[in-house]
Amino acid sequence: MNHRAHPAPAETARVPAQTRSGETAREATGHVAATPAARGEHTHCESPIPQPRAAVQRASVRGQILDALRTALVSGELAPGEVYSAPALGERFGVSATPVREAMQQLALEGAVEVVPNRGFRVVERGARELAELAEVRALIEVPVMMRLARSVPAERWAALRPLAEESVRAAAMGCRATYAEADRAFHRAVLALAGNEQLVQIAEDLHRRAVPLRGGRADLMTDADEHAALLEALIAGELDAVRRLVAGHFAAAG
């Protein structure tokens with residue numbers, strides 16, 4: 001029987017308020033030696049085992065970095081037009097460049113950043129026209145769905161969404177764009193989920209991420225959040241004309 005030496009625990013990765021207890025930097029950054037099974041090699045006299053724990057943790061850290069980068073983008077901490085390298089961002093978050101690069105590649109697919117060969121990733125600048133176009137596309141998708149749901153979903157199911165609308169108001173009152181963007185996305189996601197179409201929810205969420213403006217103050221956020229509350233009350237009351245007006249105005253303001 002071959003005896004393998006177990007590596008000594010490494011320093012915990014410094015991902016602010018995100019790295020799980022007990023997770024090591026080697027696990028967090030993915031620098032863990034792969035087992036024969038993980039490499040796809042054949043092993044003898046071994047019972048099937050679950051996916052290695054390190055692989056799960058690497059995916060977890062990549063997701064944590066992705067969330068952190070999204071927050072930095074919406075808050076303006078990563079400035080539009082600026083180029084950032086994966087190694088520099090990795091040092092900033094206390095992890096290797098690998099999970100940062102993978103997260104940035106996902107953000108590139110979402111249209112939030114663009115690849116700059118041999119340099120890193122540039123944060124995309126969205127002008128007023130592009131934001132207006134995204135708002136128009138969102139309206140074309142979401143308004144008909146909301147109007148259909150307004151005619152078919154019972155009042156008690158709409159009432160169950162009140163906590164999400166209230167959370168968006170609280171987030172807006174904080175004045176933090178990143179916090180509000182997540183609360184806003186959660187509200188719209190919950191409304192559209194009532195349609196029972198997961199593809200619709202995913203497409204709408206992707207558009208929402210692209211359409212988040214990087215400017216505007218607390219007053220703008222409060223106006224948007226108040227529209228959520230008013231829309232929900234109209235849906236609960238079954239006031240279709242008010243729903244149509246509020247939904248159309250909500251997306252017009254977003255553009």
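Which helices each supply at least two residues of the lining of the largest cavity?

What we have here is a predicted model, where local features need pLDDT of at least 70, side-chain atom pairs count only at pLDDT 80 or more, and totals for chains, interfaces and linings use all residues. Residues are numbered from 1 along each chain as its sequence is written, and side-chain values use heavy atoms, with hydrogens and water left out.

Confidence comes first. pLDDT is the predictor's confidence in each residue, from 0 to 100. The chain averages 78, and 74% of the residues score at least 70. Among the elements, helix α1 (residues 25-28) has the lowest mean, 41, while helix α6 (residues 155-159) has the highest, 96. Over residues 1-56 the pLDDT stays under 50. Where pLDDT is low, the predicted coordinates should not be read in detail.

A word on naming: helices (H or I, at least four residues) and strands (E, at least two) are DSSP runs, numbered from the N terminus.

Now the sheet. Three strands make an open, antiparallel sheet in the order β1-β3-β2; strands pair if DSSP finds at least two bridges between them. β1 (83-84) and β2 (113-116) are at the edges with a single partner strand each, so one side of each has no neighbour in the sheet. Helix α4 (residues 97-109) packs on this sheet and touches β2 and β3, contact meaning heavy atoms within 4.5 Å.

Two bridges join β1 to β3 (residues 120-123), with Val83 partnered by Arg122. β2 and β3 pair over four bridges; Val115 has Phe121 as its partner, and Val116 stands opposite Gly120. These two strands form a hairpin with three residues between them, and Asn118 in the turn has a positive phi of about 65°.

Back to my opening question. A cavity is a set of points on a 1 Å grid over the protein atoms alone where a 1.4 Å probe fits but cannot get out, and lining residues have an atom within 4 Å of a point. The helices are α5 (128-152), α8 (177-193) and α9 (198-211). Lining residues include Arg138, Glu142, His188 and Leu192.

Note on methods. On a 1 Å grid over the protein atoms alone, a cavity is a set of points where a 1.4 Å probe fits but cannot get out, and a pocket is an open set with protein on both sides within 12 Å along at least five of seven lines; lining residues have an atom within 4 Å of a point. Axes are lines fitted to C-alpha atoms, for helices over the stretch in contact, and angles run from 0 to 180 degrees between N-to-C directions.
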